[in-house]
Structures are given as C-alpha cells and as structure tokens.
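Subject: Structure handover

Hello,

Please find the structure below, handed over for your own work. My notes on what was found in it follow.

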Amino acid sequence: MTVTRRNVLLGATAAAALLPIASRAQASEVVIGIIYPFSGASAQIGVDAQKAFETAAEVINNKYDFDLPLARDAGLPGLGGAKIRLVFADHQADPQKGRAEAERLITQEKVCAIVGTYQSAVAVTVSQICDRYQIPFISADNSSPSLHRRGLKFYFRAAPHDEMFSGAMFDFFDAMKKKGTKIETLSLFHEDTIFGTDSGNAQLKLAADRGYKVLADIKYRANSPSLSAEVQQLKAANADVLMPSSYTTDGILLVKTMAELGYKPNAIVAQDAGFSEKALYDAVGDKLEGVISRGSFSLDLAAKRPMVGKINAMFKEKSGKDLNDFSSRQFMGLIVMADAINRAKSTDGDKIREALVATDMPGESTIMPWKRVKFDETGQNNDADPVLLQYTGGKFVTIFPPQAAVAEAVWPMK
Amino acid sequence: MDTSFAQRRRRDLIIAAVFAVLAALVPLFVKDVYVQNIMVLTLMYAALSQSWNILSGYCGQISLGHALYFGLGAYTTTLLFTKFGVLPWFGMLGGGLISALIAMALGYPCFRLRGHYFVIATIVIAEIALLLFQNWNWAGAALGIDVPVHGDSWLRFQFTRSKLPYFYFALALACVAWLVTWWLEDSKWGYWWRAVKDNPDAAESLGVVVFNSKMGAAAVSAFLTAVGGAFYAQFVSYIDPESVMGFQFSLLMALPAVLGGIGTLWGPVLGAIILIPLTELTRSFIGGSGRGVDLIVYGTLIVLISLARPEGLVGLFSRRRKGAVQ
Amino acid sequence: MTAETIIQSLASGLLMGLLYGLIAVGLALIFGLMDVVNFAHGEFLMIAMYATFFLFAFFAIDPLLAAPLVAAALFVFGALVYLLIVRFAVRAKANAGMVQIFSTFGLAIVMRGLAQFFFTPDYRSVTHSWLGGKTVSIAGIFLPVPQLAGALVSILAFGALYFFINRTDFGRALEATREDAGAVALVGIDKNRVFALGWGLGAALVGLAGAIMAMFFYIYPDVGASFALIAYVTVALGGFGSVFGAFAGGIIVGLVEASTALLLPPSLKSVGIYAVYLLVVFIRPRGLFGSI
C-alpha cells in the first residue's frame with residue numbers, strides 16, 4: 001500500500017478527532033475524599049491510614065492477580081477504566097473541622113464519595129453532611145454502635161461495631177466455659193471518650209445478659225499522667241478476665257503500671273484500639289504474651305488467601321508496618337466504595353448509593369475474615385464477623401471463632 | 001480631649017456600620033460554601049473574642065476558661081431542644097442567663113485572685129465542668145448529642161446546606177458584641193476600668209464599685225459567649241464535651257483579641273479576620289500531609305506577631321489617631 | 001476497700017507527686033525569677049523525653065546516664081529560648097503579661113509541629129533500661145523503681161536548688177536580679193545573663209524530669225499536654241515565687257489525685273486536684289507559700 005499524502009492527512013485528521021476523546025477517557029478520574037486526623041494527638045493513625053488508602057488505590061488503579069474486586073483491571077472498568085484519585089483532608093479530631101472538610105471536599109474537590117474518620121465523634125458530623133449532599137459515606141474504622149442508628153440514607157459501614165465485637169468476646173467466654181475454664185468475673189477498664197464509653201456500655205449489658213459478674217467497672221480519663229490508682233483497683237478486684245478498651249497511649253501506661261504494681265490477671269481480652277497497634281507491642285510486648293484482642297483482621301489469613309500476604313507486603317513497603325485492624329479496615333473501606341462506584345457506572349451520589357445497597361461481596365474476595373459484605377437497611381454490614389486474636393511469640397494468631405481459628409487459645413495467659 | 005474622644009467614637013460607629021453593611025453583601029458574591037463556612041467562623045470568633053475582651057481586655061481579668069460559658073450555651077440549647085422540644089431561640093437566651101449567673105457566682109470568689117492565680121482558676125473551673133459533662137449520662141456523656149435536623153427552618157434555626165442564615169446570625173452577634181463594647185467604653189464602668197488600669201491606687205478607693213462592675217462585665221461577657229456557644233451547636237448540629245468545652249476554645253477566644261489588640265474596640269475583629277482564615281486554610285491545604293507543617297506555620301506567626309506588635313495589629317492602623325487623641 | 005489498697009494508692013500518689021514537683025520546679029524557678037509563666041513548659045518536657053529516647057535508641061545510653069546529658073542539652077535550649085524569644089517578650093511596652101503568655105504558647109505549638117515533622121507522630125518508648133519495669137515490694141506494697149528514682153532525684157534536686165539559691169554567689173545574684181533588675185545593673189551584673197542562666201537552669205530541671213519519665217512513660221509529640229496543666233496547678237498551689245512551694249504542691253497534687261481516684265470514679269480524679277487548688281487560693285490568694 002502506498003501512502004499518499006491524502007491518506008496521511010486523513011489519518012491525521014482522524015487521529016486529531018479521536019484524540020480529545022481518548023485523552024478525556026484517560027484523564028477521567030474518580031475523586032474520593034479521605035478524612036482523617038493528620039495532626040494532633042492521633043496524627044499517627046492518619047499517617048498510617050493514608051498509606052492503607054494509597055495501597056488500596058494502587059490495587060484498584062493497576063492490574064494485580066488478586067481475587068479482590070477491581071484488582072484485575074486497571075482502574076474502574078464500569079467507567080471506561082477511570083482511575084481513582086484520593087484527596088486527603090485533616091480533621092484534627094474536631095467534629096466541626098471534619099464537617100467543614102467534608103463540605104470542602106464535596107463542593108470544591110467534587111469528590112463523589114467519602115471514607116473516614118477514625119474518631120466516632122467526627123464520623124457523626126461528616127456523615128450528616130454527606131447525607132445532606134447525598135454523597136455516600138463509608139465508616140471504614142469507626143466502631144461506635146450508635147452511628148448507623150441515626151436514620152441516615154448515605155451511611156455505610158462494612159466493618160463490625162463495638163456491640164458485635166463485644167458479642168464475639170462473650171461468645172468466646174461461653175465457649176471456654178463449656179470447655180471447663182473458669183470464667184465468672186470480669187473487670188472493665190475503659191477510657192472516657194466516645195469509644196471507651198460505648199464499649200463499656202456494650203460490655204456491661206452483655207455481662208448482665210449472659211450472667212457474668214462485673215467486679216470493677218473503671219472509667220478513666222484518656223491520656224492520664226498516671227494510672228496507678230486505677231490499676232490498684234483492678235488488682236484489688238482481681239477478676240478472671242480484664243477487659244480494657246484503651247487507645248495506644250493509655251494501653252502502654254496500663255501494661256507498664258500493671259507490671260509495676262505486680263498485677264497479673266489470668267487473661268486480658270482487649271477491645272482492639274491500642275491493643276492492635278504496633279507501638280504498644282514495641283513498648284511492652286514482652287509483658288503481653290497471651291493477651292487476647294478482638295479484631296476484624298488477622299495476618300494468618302494469608303495462609304488461606306495468599307493475596308493477604310501480598311497486599312500486606314505492599315502496605316509494609318509504604319509504611320514499614322504490617323496491616324493491622326485499622327489499616328485493613330481502611331483498605332477494605334476504599335475497595336468496597338470503589339466497587340460500588342464501578343457497578344454504579346456513574347459518579348452520581350444516588351446511583352452509588354443504590355450500588356452500595358446492592359453490594360453482595362463474598363468474604364473470600366476481601367482481605368478480612370468476614371462472611372460477606374452486604375448492608376442492611378441502616379447501612380451496617382451484619383456479616384462482618386469479628387475474630388479474636390491472641391498475641392503469642394511476637395505475632396497474632398486467630399483463636400476464635402472456630403471456623404477462622406488457626407490455634408487453640410492459651411488460657412490463662414503467661 | 002473630650003471632643004476628640006466623642007469624635008473618635010462617632011467615627012468608630014460609622015466605620016462599623018459601613019463594615020457591617022459591606023460584610024452583609026459579601027455572600028451575594030461569594031457562593032462557595034467552604035469560603036462561606038470560614039466567614040461564619042470568622043464572625044463567630046470575632047463575636048466571642050469581643051465578649052472575652054470585655055472581661056479580660058477592658059476589665060483586666062484574664063480568663064482562659066471561657067470555654068465553660070461557650071459549652072454551657074451549647075449544652076443548654078441542645079438539651080432543651082432534644083429533651084423538651086424547646087426552640088433554640090429560647091435555649092440561647094436560657095443558656096445565656098445561666099452562664100451569666102454562673103459567671104457572677106464564680107466571679108465572687110475569683111475576683112479576689114490576682115494575675116496567674118486568677119488565670120489558672122479560670123482554666124481549672126472550665127476543666128472541672130468538662131469532666132462533669134464527660135461523665136454526665138443524661139447529657140449524653142462522652143457520646144455527645146446529635147441534634148436531629150429536619151430540613152430548613154428559621155423556627156428551629158436549622159439549615160441543611162445553606163450557610164447564609166448562619167452567616168447573618170453570626171454577623172448580627174458580632175455587631176451586638178461590638179456595640180456592647182462600644183457602649184461600655186463610654187460608660188462609667190469603662191471609666192472606672194481605665195482609672196484602675198492607669199492608677200492601681202484608684203482601685204482601693206473605688207474598691208466596691210469596681211468589684212461590682214467586674215461582676216457586671218463577667219455576666220455580660222458570659223452571656224454573649226453562651227449565645228455564641230448556642231449558635232455553634234446549631235451550626236454544627238452535634239456537640240460533645242471535648243468539642244465545645246475543651247481548653248482549645250478558651251484559647252481560640254482569647255487569641256484574636258490578643259493578636260488584634262487586647263482591650264481595644266477593633267482588636268478582636270481584626271484578629272479574627274486574620275487568624276481564623278489562616279487556621280482553616282493552613283489546615284485544609286497543608287494539614288493533609290500529616291507532618292505538622294500547619295502547626296509550625298501557625299505557631300511561628302503567633303510568636304512573631306506577639307513579639308513584633310505587643311499592642312496588637314490594631315496599632316498598625318491607629319498611629320495617626322493616637323496622635324490626634326494625645 | 002482494704003487498708004492495703006489505701007496504703008498502696010497513697011504510696012503511688014506520693015511517688016507521682018514528687019515527680020510532679022520535679023516537673024514543676026523549673027516553671028516555679030523561672031516564674032520566681034522574672035514573673036514569666038512559660039506556657040511551653042510541657043513541650044520542654046516532651047523534647048527532654050525525646051532526647052532521652054534518641055540517646056537510648058541510637059547510642060544505647062541508659063536513661064539514668066542520659067539524665068545529665070539531657071539536662072545539659074535542655075540548659076542550652078532554655079537559655080536560647082530566653083535569648084531569642086522571652087528577652088523580647090518581657091521588653092514589650094504594652095500588654096507584657098499577654099505577650100509572654102502568647103509568645104511562649106506559640107512556641108509550644110511550633111515545638112509540637114517540629115516534633116511531628118522530625119520525629120513523626122509515632123509513639124515511642126524506652127524499652128530496656130536498668131531500672132525500667134523493676135519494682136520492689138514491701139509487705140504487699142509495690143514501689144516501682146523508676147518512680148522511686150524519680151522521687152529521689154526530685155528530693156535531691158530540690159535540696160540542691162535550695163542550697164544554690166541561698167548559699168552561692170550566683171544564687172544571690174539571681175535573687176537580687178529578681179528583687180530589682182535595675183539596681184543590679186549598677187553593680188555590674190548583666191541582667192540578661194542572669195535571666196538566661198535562670199531559664200537554662202529551669203529547663204535543665206525539666207530535662208532531669210524528662211529523662212526519668214522516659215523510663216516508664218510513652219513519648220509522642222503531644223505528651224507534654226498531659227503534664228502542663230498539672231505543672232501550672234502545682235506551682236500555683238504551692239505559691240508563685242516559692243521554689244519550696246512547688247515541692248509541697250507536687251506532693252499534695254499527687255496525694256489528692258490518688259485519694260480522689262479512691263473516692264470518685266477515676267475519670268474524675270483531676271477534679272480533686274482542681275478543687276483543692278480552688279479551695280486553697282480562695283482561702284489563701286497567694287497559694288500555700290507564695291510571696292507574689
């Protein structure tokens with residue numbers, strides 16, 4: 001075939017005509033807002049969360065051979081391969097600032113969905129604003145049970161809340177009792193912000209329902225300079241199980257103070273938070289052999305699902321840490337949201353919401369030990385089974401529920 | 001001297017009126033809700049700082065515990081509304097009155113304290129209140145109170161998306177706080193306070209009346225601060241003890257006045273106009289890094305301004321005027 | 001509540017109180033010298049703790065050995081803060097009190113930001129130290145060794161400070177400068193030099209406290225905030241201008257905190273401290289031993 005001048009011209013014109021479309025398709029991106037504390041007392045959470053979300057975005061935007069929604073395609077196939085772009089905003093643990101940032105992301109950055117927020121108090125205002133602007137919001141890691149009970153239409157939570165978490169702990173106690181372990185009395189130890197209060201209330205109620213005696217119910221001030229008096233009371237109560245709900249700082253101080261005051265409980269069953277943070281185990285891990293924490297994630301899942309190990313490696317390269325309970329939930333939060341946007345084939349809030357409502361993701365295609373992801377009418381996923389993990393030999397192993405367990409619980413702890 | 005004082009006051013009033021009208025027109029041109037949000041906060045802090053300035057600037061009783069009154073206003077309004085269905089307008093008034101009474105009850109023993117003893121007393125009183133609310137189950141304790149919002153309504157003072165009603169309310173509050181200050185400057189209280197500041201011996205002879213005027217200043221200041229708190233609760237429609245009674249609020253109320261010019265009529269307004277947008281913009285545009293750069297910028301500015309302009313930024317504008325008065 | 005619980009709580013409270021005193025004494029010294037309250041005091045403690053941590057992490061220096069090094073570093077830092085910031089703040093012609101509060105408060109924010117920038121917001125801990133995690137038990141009462149060491153350092157530091165202020169030439173110069181800065185200039189004492197040394201000394205004492213604290217407390221950019229208010233209340237309770245007051249104030253705060261936690265829900269234990277402060281100043285407006 002001879003190339004005539006005319007053909008070249010034609011080709012050039014055709015290419016020129018196509019070019020804007022092609023580049024538009026390439027440039028088209030889906031913007032998702034991420035609201036976390038990036039400064040202030042919990043800045044560390046925000047910094048780690050950023051890495052978790054970036055890992056998720058990488059998985060979505062590039063091709064990976066994972067059995068995870070959107071991993072095998074580059075970008076969102078439902079939107080012509082559009083890539084997702086994340087916009088991070090800092091709420092400094094202040095509900096007012098969270099609210100303002102949500103509004104800014106929606107109106108200025110034109111995000112089509114928001115994921116947040118770590119602090120439950122901030123989730124309250126951010127989800128309110130999202131509802132007003134009809135932008136879907138996923139609570140990646142807020143565990144306050146009141147959040148999904150406020151009649152919001154655009155609120156979704158794929159992860160368990162504190163009542164589910166605490167329920168799992170009591171299921172575990174019941175199971176242990178059947179095996180002949182003596183578990184009759186409990187000591188509750190929780191901080192005084194929304195997380196500890198909610199957790200304490202749920203545990204108190206469950207203990208009454210299931211016939212466990214609460215010997216001490218200690219609410220303490222978060223970030224106290226000293227916990228000696230509190231620990232002294234725990235020691236005096238000497239219950240069969242100590243159940244702390246503490247953030248990292250107080251968790252470190254609690255464990256150190258317990259050692260100093262010679263208090264060694266039979267078992268510690270912790271409400272996550274500080275007790276799934278690397279910093280706590282770096283500081284006092286030697287005193288925590290055999291501690292049990294609830295969680296929604298466990299690295300030993302990697303044996304069954306190799307992608308968990310690979311995703312963990314990606315995250316570790318960015319952050320220098322293994323995925324933990326928080327970063328795994330943050331990762332999944334973005335995957336669930338992106339999956340819905342992809343199915344909605346649109347960035348319209350209502351359409352994404354419809355897609356979220358229709359979500360039915362089998363547990364095997366997540367990195368979590370969940371049964372599946374399916375939201376009820378309040379936006380809560382009730383099939384997100386929590387797990388209990390025990391810290392042995394420098395790592396966590398799943399001990400409960402039986403279908404997820406890889407080891408028997410060591411009781412009492414060393 | 002008297003005539004120039006009167007002249008200055010008249011001129012201040014005219015400038016304020018012009019500013020208020022100009023400010024009221026701004027939202028007609030600025031439609032972006034994020035910017036409007038910053039404007040609402042700026043006006044709110046201008047009003048709060050103006051109220052703080054009455055007690056701490058003019059009267060010389062430095063309070064770092066005004067979060068107490070702010071929180072009381074927010075809680076009274078919200079509790080009355082969510083528990084008893086009382087409209088926020090009455091709640092605002094009720095919160096203001098309760099705060100004024102408490103301010104007087106606290107002022108009675110506290111005004112005997114001097115300097116840092118007084119400052120620390122105000123801090124710890126606010127902290128005690130914070131801890132009590134944090135543990136008060138009926139008032140939501142740490143969980144806070146989520147104000148149910150059912151569409152736009154002036155009656156319930158709730159608006160889902162529009163910032164304009166909040167903007168105009170905050171503007172009105174800032175104007176009221178300014179006018180109260182303006183009026184106080186020329187009242188006998190204002191004269192006593194100046195006399196006490198210029199000449200501590202005068203304080204002895206004026207003892208009782210000055211004490212009473214301080215109680216009055218505390219009540220007025222607390223009332224206005226509580227109305228601001230009630231406004232905040234409506235604006236954010238969620239309150240919890242940390243976010244309305246925390247120490248940071250006490251500081252945020254004091255900072256604009258200090259930077260703008262403590263004990264001056266225009267200081268709080270000027271301070272708020274500079275400080276609040278700065279705080280919001282540094283957080284929004286450099287805070288997402290997680291590296292604390294926003295804190296470094298913000299803190300450096302506070303150090304530099306307070307060292308370079310101890311009389312406040314208002315000094316930049318008033319050199320000529322000072323010459324005229326003296 | 002058993003007798004053992006009460007005795008244990010009070011013993012812990014006493015140890016903690018001595019430590020509060022040590023944290024607060026630098027503040028008291030600086031205030032006594034020049035009527036300036038350093039609102040960045042908590043952040044001084046924070047960098048002292050970081051300094052101890054890094055000496056431990058990079059050079060494996062035990063906090064006990066690090067203490068003098070940290071104190072020396074903080075001495076330089078404190079003197080620099082005086083020379084670069086506070087010197088100008090006290091010179092302010094208008095609103096001197098406010099300028100001092102807010103220039104040191106701004107400094108506190110900058111220090112937190114810098115700590116976050118350079119050290120990241122991660123929580124750090126000194127994991128192994130000679131004394132860390134050790135505890136002695138006497139008749140069922142447990143006394144943690146790091147806090148015992150802290151109590152001992154606190155008592156020694158107060159003793160040394162008392163001797164220093166009352167028995168040495170420099171202490172007399174400090175005292176004289178405090179009384180009348182103008183007059184001392186006539187006898188050839190450089191006011192700025194005295195004040196800078198005073199700030200250095202105050203900061204060095206916080207440095208000691210930070211090194212001890214690092215043995216049993218976690219470290220992160222906002223850690224100072226937990227101790228700052230307690231330090232101010234401690235100094236004010238004891239009375240501004242009295243170094244001994246800070247010592248007594250610390251012990252009282254520690255004991256009150258421990259006993260409040262026995263009587264009220266522990267989340268309210270600070271209420272006890274604050275209530276005692278208010279009670280004291282309402283009766284004695286200058287604190288227990290205050291002169292100003």
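**Contacts of chain B**

In this predicted model, 31 residues of chain B are in contact with 39 residues of chain C. On the side of chain B that touches chain C, the elements giving two or more residues are α5 (115-134) and α12 of chain B. By class, that side has 19 nonpolar, seven polar and five charged residues.

Chain B also meets chain A, with 27 residues of chain B in contact with 33 residues of chain A. Here α2 (33-58), α11 (267-286) and α12 (293-308) of chain B each supply at least two residues. The largest share of this side, three residues, comes from α2(B). The side of chain B that touches chain A divides into eight nonpolar, 13 polar and six charged residues.

**Chain A: sheet and helices**

Chain A has an open sheet of five strands in the order β2-β1-β3-β4-β5, with parallel pairing. The edges are held by β2 (83-90) and β5 (155-156) of chain A; each has a single partner strand, so one side of each has no neighbour in the sheet. Within the sheet, β3 (residues 113-116) and β4 (residues 137-139) of chain A pair in the parallel sense over three bridges. In that pair, Gly116(A) is opposite Ser139(A) of β4(A).

Helix α2 (residues 43-61) of chain A lies across β1 (29-36) and β2 of chain A, and runs at about 170° to β2(A).

A helix pair is also found in chain A. The axes of α5 (residues 162-178) and α6 (residues 194-210) of chain A come within 9 Å and cross at roughly 35°. The crossing of α5(A) and α6(A) is right-handed. From α5(A), the residues Asp162(A), Glu163(A), Ser166(A), Gly167(A), Phe170(A) and Asp174(A) take part, and they meet Asp198(A), Ser199(A), Ala202(A), Gln203(A), Leu206(A) and Arg210(A) in α6(A). The residues of this contact comprise three nonpolar, four polar and five charged.

**Chain C: overall**

Chain C has 11 helices and two strands, and the pattern along its sequence is α-α-α-α-β-β-α-α-α-α-α-α-α. Its radius of gyration is 19 Å, close to the 19 Å that the globule rule gives for 292 residues, so chain C is as compact as a globular protein of that length. The C-alpha trace of chain C spans about 60 × 50 × 35 Å along its principal axes.

Of the 292 residues in chain C, 61% are buried. Among contacts in chain C with a separation of 6 or more, 77% are between residues 24 or more positions apart.

Gly254(C) is in helix α10 (residues 243-263) of chain C. Gly254(C) counts as buried because 28 other C-beta atoms lie within 10 Å, and the cut-off for buried is 20 or more. Leaving out residues up to four places away in sequence, Gly254(C) touches Gly13(C), Leu14(C), Met16(C), Gly17(C), Leu18(C) and Tyr20(C).

Ala176(C) is in helix α6 (residues 169-179) of chain C. Ala176(C) is partly exposed because it has 15 C-beta neighbours inside 10 Å.

Regards

Conventions
Residues numbered from 1 in each chain as written. Chains lettered and ligands numbered in written order. Predicted model: local features only at pLDDT ≥ 70, side-chain atom pairs only at ≥ 80, totals over all residues. Contact = placed C-beta atoms within 7 Å. Helix = DSSP H or I, 4+ residues; strand = E, 2+ residues; numbered from the N terminus. Nonpolar A, V, L, I, M, F, W, Y, C, P; charged D, E, K, R; others polar. Buried ≥ 20, exposed ≤ 12 C-beta atoms within 10 Å, placed from the backbone. Axes fitted to C-alpha atoms, helices over the stretch in contact; angles between N-to-C directions. Left-handed = near helix turned anticlockwise from the far one by under 90°. Pairing = 2+ DSSP bridges. Rg over C-alpha atoms; globule rule 2.2 N^0.38 Å.
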